[in-house]
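Reader: I am new to this structure and would like to learn how to read it. Please take me through some of its features, one at a time.

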Amino acid sequence: MENNGSVILETKSIKKSFGGVKALVDGSFSCRQGEIVGLLGANGSGKTTFSKIIMGLLHSDAGEIYIEGQPVHFRSPMDAMRQGIVMVHQQLSLIPDLTVWENINLGHEPRTKIGALDDETARRKAAEVINRLAPGLSLDRVVKTLLPSEQQLVEIAKALSKGGKLLILDEPTAALEQTQVNRLFEIMRELKSQGTTIIFISHRLGEVLEICDYVVVFRNGANVGTVRFEKDGRDENRIVSLITGKEESGQQNGAKDRIRSEEARLEARHLSAGMLKEISFTAHRGEIIGIGGLQGQGQEDLLLMLAGMIHLEKGELRVNGKPVKFHHPADAIRHGVVLVPGDRQKEGLFLNHSLFMNVIYARFGLRGDWLIPFKRLREEVKQVVSTLSIRTESLETEMQNLSGGNQQKVVVGKWLPLKPQVLLLSDPAKGVDVQAKRELYDLIRDLARRGTSVILYASDNEELVSHCDRIFVLYEGQIVEELAGAEITEDNLVAASLRATVKQSA
Amino acid sequence: MNGAMTVSEPRGTARLKKMYAYYRGALVPFLIAIILIIAGEFVSSGFASPNHVLILLKTASLLGVLVLAQSIVIIAGGEGIDLSVGAIASICAVMAAVVMQGEDAKLLIAIPLVIAVGFFLGLINGVGIAVFSVPPLIMTLGMSSVINGLVIIYSKGFIIRGSASKLLQTIGSGQSLFGIPNMLFVWLVIIVIALFVLGRTKSGITLYGVGANELTAELNGVHAKRVRALAYAFSGAISALAGVFLLGYNGLPFMEMGSPYVLPSVAAAVIGGISLAGGAGNYLGAVGGSILLTTLTALLVTMRMGEGGKQVVFGLVLIILLAIYGRRTER
């Protein structure tokens with residue numbers, strides 16, 4: 001059955017660049033009244049940029065937007081809202097110190113005849129939507145005391161309470177549990193039957209297959225195809241290949257030239273902590289292990305746990321065959337397990353201190369000289385600077401005056417004098433230019449060749465595919481699949497990440 | 001070697017240049033202090049005489065020791081501040097006086113005892129702040145009130161029986177070589193030790209790291225909470241030492257003798273370039289800050305300004321100085 005509702009939204013070749021980066025090359029799209037459309041694409045494919053432009057949060061460089069056939073130019077989200085377009089954002093827009101009902105009514109508070117705030121109506125409106133979406137959640141709770149999933153529900157409730165004919169949901173389910181997702185889907189179906197159009201942005205293919213009428217796939221900033229379930233069937237593989245693209249990608253796996261050793265460096269047995277459940281694996285001497293999967297599935301937590309920053313609740317960890325317990329990063333460092341954290345400015349560096357201080361600080365977790373042997377360390381730091389070709393005026397240069405790539409080199413390089421056994425890397429090439437990225441990975445491979453085992457999380461699949469011997473796919477804190485050898489391709493990795501979502505919600 | 005490396009070992013003049021770069025920020029308060037001293041000479045002749053300057057420096061030294069205690073916790077970060085430095089100095093002065101009863105021999109018992117007490121009181125501050133997350137302002141203000149109360153309970157409001165020994169009085173208020181006050185030699189030793197420990201040892205650099213970025217310090221394997229708690233303990237111990245010098249300077253102990261120094265100790269540290277955000281600045285600047293503030297007070301007294309006017313001008317000058325400093329350090 002074709003949907004014969006009128007066209008609600010139509011966009012024609014929207015373009016948007018940030019600096020030199022083309023985020024959106026050809027954003028063309030249309031949807032009709034009473035449809036649920038899945039908007040899919042890998043990270044950086046342009047879906048979020050696209051929806052922000054529709055909402056008036058960003059201004060397009062070129063292209064046209066039509067709402068019910070009329071051309072529109074939104075200057076701000078208020079303009080879009082007046083046309084009945086409402087969005088639930090990936091980043092929550094709630095005010096932490098206000099209550100649930102106050103947040104839901106924020107920005108469109110009902111007023112009494114004389115213009116005062118009408119709290120009674122406001123509460124009633126909030127109660128209506130909360131009772132359906134999150135029964136049992138008190139309206140008077142302050143938002144900052146809620147669980148992340150409850151906050152997400154309030155965010156959704158806030159959007160729903162505004163009414164609107166087009167609802168854009170950007171990854172609304174990432175923080176939700178299954179029963180909450182089911183309740184949301186019920187409401188979405190009801191809205192649909194009332195004629196509301198919904199654009200559902202998600203990485204979870206399983207959910208998209210369940211709730212949507214059809215999907216539109218973005219890749220590299222362009223609409224690359226539509227799969228109509230009525231006509232084409234719910235063909236998961238076809239969607240995945242649209243998302244990844246058919247061209248052979250990133251086959252130069254650098255792992256090939258290394259000799260694998262069977263000597264176990266790090267053994268994890270049934271590790272659980274927070275969202276991480278039953279993590280078991282062995283990292284061998286000289287091996288580079290990748291941690292993949294969709295964003296936010298516990299990859300960063302896994303590294304923090306191995307580094308002693310998140311405490312184990314259950315399970316056993318061995319380094320070089322010896323059982324170890326890490327109560328603090330200091331314990332991990334003493335056993336040669338070191339971490340390059342994901343946010344170098346907040347977690348990796350002292351920005352207003354010198355390069356020298358930043359490098360030598362890495363040894364302060366170890367027992368050692370109270371008097372700093374400046375002369376020896378100066379030589380050591382110079383060595384680090386030249387090994388990594390860090391571009392700096394002097395060893396006394398403050399970190400904040402170095403470029404992002406050079407800063408990152410310092411975060412990695414500070415561990416070199418300690419000769420780490422296990423190097424944990426959390427998205428080391430994030431925001432780093434191409435050349436620095438290559439130099440970093442050259443160094444990492446070199447360390448592996450000399451026996452360090454490396455555990456690498458990267459948000460960019462290509463980095464994982466080109467450098468890892470094995471890749472573990474994480475989903476909701478569990479290892480759900482392992483890729484090794486010839487299986488390691490970008491397509492397989494994306495497919496495995498998405499497959500996990502289907503298995504779980506089936 | 002590739003072109004990226006242009007790092008060379010500092011030698012001779014290069015080394016001096018490097019030290020100048022490191023301590024350059026510390027020079028400003030010294031310069032302002034000198035300007036104030038010269039201005040004072042115009043107000044009242046003799047203000048800039050060597051003798052008077054030495055008196056100024058001697059007064060500054062008492063503040064200066066408390067400023068060190070203050071600087072350590074400010075550098076340790078986490079909105080670090082210690083409003084109990086004055087109270088700890090007071091109670092330790094009283095205890096030292098009661099223990100030594102004017103006898104030189106008992107100095108050897110009194111000094112280690114009060115330093116231990118100061119360390120312990122500071123440690124309570126530190127544990128409250130680092131472990132139980134009590135805001136430093138509240139924790140140390142509360143501690144200050146408790147300590148001052150204890151002194152009142154002990155003395156029952158009467159004069160405290162006890163006094164500084166002869167030797168301590170000589171140290172605190174006497175002078176020797178070329179008429180230079182002994183306290184200045186003591187202060188010089190403290191300055192050298194402080195600059196060395198804070199700038200050249202693992203403990204010192206660790207402290208700066210914890211103050212600059214606690215999370216980074218933790219992930220580098222440093223127990224940041226432990227370091228911060230210890231910073232308050234050492235602040236307490238140094239405050240105790242300052243109390244001993246105060247006793248030597250005054251001869252007799254009295255209640256709340258350290259209290260007037262609390263706010264100037266914060267102001268002098270900040271004027272000296274120690275960032276309230278933590279993790280930056282060095283004690284040499286704070287030494288300059290101590291001298292500057294002492295000189296300013298003396299100048300206002302010399303101008304025969306009444307107590308009210310003195311406080312108004314003092315406060316205004318503080319605000320202006322800090323506003324100038326804030327602009328300078330912002331990027």
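This is a predicted model: local features need pLDDT of at least 70, side-chain atom pairs count only at pLDDT 80 or more; totals for chains, interfaces and linings use all residues.

Reader: How many bridges join strand 11 to strand 14 of chain A?

Author: Strand 11 (residues 264-273) and strand 14 (residues 314-319) of chain A run antiparallel and are joined by five bridges. To follow one pair, take R269(A): its bridge partner in strand 14 of chain A is E316(A).

Reader: Now a hairpin. Which residue takes a positive phi in the hairpin of strand 9 and strand 10 of chain A?

Author: N220(A) does, with a phi near 50 degrees; this hairpin has two residues between the strands. Strand 9 (residues 214-219) and strand 10 (residues 222-228) of chain A run antiparallel, with six bridges joining them. R219(A) stands opposite A222(A) of strand 10 of chain A.

Reader: Where is H89(A) placed?

Author: H89(A) lies in the loop between strand 6 (85-88) and helix 3 (100-105) of chain A. The cut-off for a buried residue is 20 or more other C-beta atoms within 10 Å. H89(A) has 19 within that distance, so H89(A) is partly exposed. Its C-alpha atom is separated by 18 Å from that of T196(A), which is 107 residues apart from H89(A) along the chain.

Reader: How should I describe chain A as a whole?

Author: Chain A has 18 helices and 20 strands. Its radius of gyration is 25 Å, close to the 23 Å that the globule rule gives for 506 residues, so chain A is as compact as a globular protein of that length. Its C-alpha trace spans about 75 × 50 × 45 Å along the principal axes. Of the 506 residues, 44% count as buried.

Reader: How many residues does the contact take from chain A and from chain B?

Author: The contact takes 33 residues from chain A and 26 residues from chain B. On the side of chain A that touches chain B, helix 11 (329-334), helix 12 (344-348) and helix 14 (374-387) of chain A each supply at least two residues. By class, that side of chain A has 18 nonpolar, nine polar and six charged residues.

Reader: Turning to chain B, at what angle do the axes of helix 4 and helix 10 cross?

Author: The axes of helix 4 (residues 107-130) and helix 10 (residues 224-250) of chain B cross at roughly 145 degrees and come within 6 Å. The crossing of these two helices of chain B is right-handed. Their contact has 20 nonpolar, eight polar and two charged residues.

Reader: Why is helix 8 of chain B described as largely enclosed?

Author: In helix 8 (residues 202-212) of chain B, 10 of the 11 residues are buried, so the helix is largely enclosed by the rest of the structure. Among them are I205(B), L207(B) and V210(B). The buried residues of helix 8 of chain B pack against helix 13 (355-360) of chain A, together with several helices of chain B, including helix 2 (50-75) and helix 7 (182-200).

Notes
Residues are numbered from 1 along each chain as its sequence is written. Chains are lettered from A and ligands numbered from 1 in the order in which they are written. Two strands pair if DSSP finds at least two bridges between them. Helices (H or I, at least four residues) and strands (E, at least two) are DSSP runs, numbered from the N terminus. Axes are lines fitted to C-alpha atoms, for helices over the stretch in contact, and angles run from 0 to 180 degrees between N-to-C directions. A crossing is left-handed if the near helix is turned anticlockwise from the far one by less than a right angle, and right-handed if clockwise. Ala, Val, Leu, Ile, Met, Phe, Trp, Tyr, Cys and Pro count as nonpolar, Asp, Glu, Lys and Arg as charged, and the others, Gly among them, as polar. The radius of gyration is taken over C-alpha atoms; the globule rule is 2.2 Å times the number of residues to the power 0.38. A residue is buried if 20 or more other C-beta atoms lie within 10 Å of its own, exposed if 12 or fewer, and partly exposed in between; C-beta atoms are placed from the backbone. Two residues are in contact if their C-beta atoms, placed from the backbone, lie within 7 Å.
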